[in-house]
Amino acid sequence: MAESYLSPLLISLKTVVVATIITFILGIAAARWMAHYSGKFKNLIDGLFISPLVLPPTVVGLGLLLIFGKDGPIGEFLSLFNTTIVFSWPATVISAVVMSFPLMYMTSLGAFEQVDSHLEDAARTLGASEWRVFWSVTLPLAWSGVAAATVLSLARSLGEFGATLMLAGNIPGKTTTIPVAIYFSIQAGDMNQALVLVGVVLVIAFGALAAVAYWKGKTYKARTTIMNRERVE
Amino acid sequence: MMELSRRLSIRTESVYTIKTGCGWSLEKRIQRIKYRLLIPALLTSALSVIPLGGCSRNSIQTQASPITINVAAAASLTDVLKEINNLYTQGKPNISITPNFASSGTLQVQIENGAPVDVFISAAAAQMDNLQKKDMLLNDTRQNLLNNKLVLVVPIDSTLGITSFNDLISAKVERVAVGDPKSVPAGTYARQAFDQLGITAQIQPKEVLGSDVRQILTYVGTGNVDAGIVFSTDVLTSNKVKVVASAPAEINARIVYPAAVIKASKIPDAAKDYLDFLFSAQAKTVFEKYGFTVISK
Amino acid sequence: MLEVRIKSALPGFTLDVAFSVNQEILAILGPSGSGKTMTLRCIAGLTRPDEGYVKLNDKILLDTATGVNLPANKRKVGFVFQNYSLFPHLTVNQNIGYGIRHLPAKQMEDRVAELLDKMHIKQLGDRLPRQLSAGQQQRVAVARALAPEPEVLLLDEPFSALDSMVKERLYLVLQAVQYFYKGNMLFVTHDLTEGYKLSSRIAVFESGRIVQHDQKEKVIFSPSNHTVARLVGFKNLMEGFVIETKESTALIKVPELGGSVRAIMQNNTNLAVNQRVTIGIRPEYIQLRNQPSSENTFLCTVDRVVEGVTATDYYFRVNTVGTTQHYITAIFPKPASSSIREGQLCHLYLPPEHVVVITD
């Protein structure tokens, strides 16, 4: 019986951890690129990156199915290696990444754009390559925005349902994440199971928010104490 | 008291229309509503605005007021019921039917939680039993309506050479779509079939659980699974799958579709009339056209 | 030696400048929005002009004609920003060391210590920028820019955000920098006094063009045109025409003053009779006379008096015939002028050697 609670929990944790790492890297890379890109297609690309956020998850799920499914471009390519994405655990990761990417991208981009460009210019005049400027100036100064973005995408991945159900399906022990398990429990009338799983999600979500609030409070406190220290002329 | 009511009297000259769930409009011109009339007036208008499942206390003999019958039916009945509903409403201009198709388990849960359903047709006895235990069925209206057969289907272009339920244990078969046994009758029956054949343990790791038979059909039709278990009547609606085997006869014998009127229905007479029509000769022709077997009353 | 030629279309005007800096400090003087910062940014490689050529000590940094455009991080150009732009998340030591991280640790430490010492901020090494005063931050910014030993140091209005006391101290610091930094220095300012105090040559910018580029004395005392004259503080600019020229002096009729003014030419320009010119004189050089002397003296009435700390501004109305009023501004140091009151009649004398003739 505990299996039916433990299994979705483990699967969700695995999925969320892997998806958040991937989204983190992809989101920051995309934000970095778009922050400095001023080509003709800027709006188009930006719109593309944000689209999973504004489209209904089932529409995104359908799109993913068309791409990764048996007759889709990537699906066909992968079948050469006898691999299928549809109805497999990697599909949960892919759905989670696609649905949480826009949040990571948008929020990080906003954070990067808020960094004073003169600071980045100063770094350049001091000999720093664009890479070094990003790592030593932009990213550290945008850190709180990036962290907020990460938490948002983590939460989004955790709750992802529509696209996951379409691409990964409901395979207990393999792809049944917590949200999918909750849905099917309710369908089956098993309210107890549903509520337990809901409780688990709430605990994780609030735990993450509390951690972020604590961390943010720490840095704010640190900032004000230094400001209140006496300034020596 | 007079002072109070005078203070609370409203002077309005607004004209407003209240539309009720039954679709009848009420026009009132309110000039001065005294306090004593205010509360009852508000209550009646509030109640009239809440959409109700049927019309309030109207028998179908009153031709003036339109009636909507809410029918909750198992997903496998999607196509056949649409045609039957059209037949029923022919010549009855004041009656319309709102169907809701989903897995029987889902529908049962919805009804338990107060969904405004008048007639429920389930694809298995279990869901109807659950409602009966909770005394939610109108006495004596429950009857078994249909039989169906459980079949194994594969994508129409499948080359895996599956010809029986037992073939599913082969390593060539990676994924099998079945309904979630906890809420989809076709899934429950499928499990029973596996149990009977003694292959449940080998099949379970390959199962992809669907939320209703139509979804299973889609999974098989798009080729994203190697095989699926649906009702034989479902196959008729898709040209992307083919039947390769039937479930064991003992399983098929258990498949029964009960139908009943829900106790909470606001239009029990209309509902009963509809239910009777389902057992009529006219309906039987349609059911059989779609591959169902009608159980004689 | 720094050679610069830049042409770029900007909102409102076109930037079109050409100049060079050779072992000296050049001050770029001009009002806000005249293209000064843009020029610096083009030299540093932070902005790319439409057309441009920048050569620094035999290395071509930018040549739009041939497609050469060295990225900013390879130009060895030191830049001090208007708001210092210190990295807020790094300590003073880390800020200064930012450009020399590639050096061996010991060498880097030594250099940082050396600069801290030279900038007189030795004890601030571990502080964060927000813990420093504006003056201290400025010193760190200069030290940071100098650490990688750039071939030219650019400063963009480095003192504009500071109060006068701090400014004075930092002028000294910047002057001291010259002793250990042998490269070229280019700094942008809108403050004339600052430009004069700290530079050897001045280039005056106006709407994207250089209107005068000269030794600082020439710019201040012999402005080549109206614009420069206004920018360098000539308040009394009046139109007139030449009546006669004699050796190195000229007599110019100035209708505004109702008389003629004699001017001693500083740079031997040839003036023709009847040529239209503008004369000007700094407010500080006008003198008071008790009685009218032979020339360059005009009767005026005190119109307004604005008292300053060490000197007082006087606005005189010239007593001429006619309907339009003309005014002369004079500045007299205190306390010698304390007896002058509004409405009083005075004789103002314009010393010929301080009258500037502008032909443009």
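Rings of Phe, Tyr and Trp (its six-membered ring) pair if their centres lie within 6.5 Å; planes under 30 degrees apart count as stacked, over 60 as edge-to-face and the rest as tilted. With that in mind, select A:Trp33, A:Tyr37, A:Phe49, A:Phe101 and A:Tyr105, which ring pairs link into a cluster.

Before going on, a word on the model and its numbering. This is a predicted model, in which local features need pLDDT of at least 70 and side-chain atom pairs count only at pLDDT 80 or more, while totals for chains, interfaces and linings use all residues; side-chain values use heavy atoms, with hydrogens and water left out. Residues are numbered from 1 along each chain as its sequence is written, and chains are lettered from A and ligands numbered from 1 in the order in which they are written.

**Stop 1: rings in chains A and C**

Over all chains, the structure holds 25 aromatic pairs. For one of them, pick A:Phe112 and A:Phe134: this pair is edge-to-face, at 5.3 Å centre to centre and with 80° between the planes. Helices here are DSSP runs of H or I with at least four residues, strands are runs of E with at least two, and both are numbered from the N terminus. Both A:Phe112 and A:Phe134 are buried; that word stands for under 20% relative accessible area, with exposed for over 50% and partly exposed in between (1.4 Å probe, protein chains only).

Now jump to chain C and select C:Phe79 and C:Phe81. Are these rings stacked or edge-to-face? Their centres are 4.5 Å apart and their planes at 25°, so the pair is stacked. C:Phe79 is buried, with a relative accessible area of 4%, and C:Phe81 is buried with a relative accessible area of 4%.

**Stop 2: lysines over rings**

Show A:Lys14 and A:Trp89 next: the lysine lies over the face of the ring, 4.9 Å from the ring centre. A charge sits over a ring if NZ of Lys or CZ of Arg is within 6 Å of the ring centre and within 35 degrees of the ring normal.

**Stop 3: a sheet in chain B**

Switch to a cartoon of chain B, which has 12 helices and 15 strands. Buried residues make up 48% of its 297 residues. Look for an open sheet of six strands in the order 6-5-7-14-8-15, with mixed pairing; two strands pair if DSSP finds at least two bridges between them. Which strands stand at the edges? Strand 6 (95-102) and strand 15 (293-294) of chain B do, each with a single partner strand, so one side of each is left without a neighbour in the sheet.

Inside the sheet, zoom in on strand 8 (residues 143-147) and strand 14 (residues 256-261) of chain B, which run antiparallel and are joined by four bridges. Select B:Asn144 to find its bridge partner in strand 14 of chain B, B:Pro258.

Contact means heavy atoms within 4.5 Å; axes are lines fitted to C-alpha atoms, for helices over the stretch in contact, and angles run from 0 to 180 degrees between N-to-C directions.

**Stop 4: domains and loops of chain C**

Colour chain C by its domain assignment: domain 1 (2-229) and domain 2 (234-358), with bounds that come from an automatic or database domain assignment. The C-alpha centres of domain 1 and domain 2 of chain C lie 38 Å apart, and the contact takes nine residues from each of domain 1 and domain 2 of chain C.

Select C:Glu157 in the loop between strand 8 (152-156) and helix 5 (164-180) of chain C. C:Glu157 has a positive phi of about 45° although it is not a glycine, and it is buried, with a relative accessible area of 9%. Finish at C:Asn274, in the loop between strand 14 (259-264) and strand 15 (276-281) of chain C. C:Asn274 has a positive phi of about 70°, again without being a glycine, and is exposed, with a relative accessible area of 55%.
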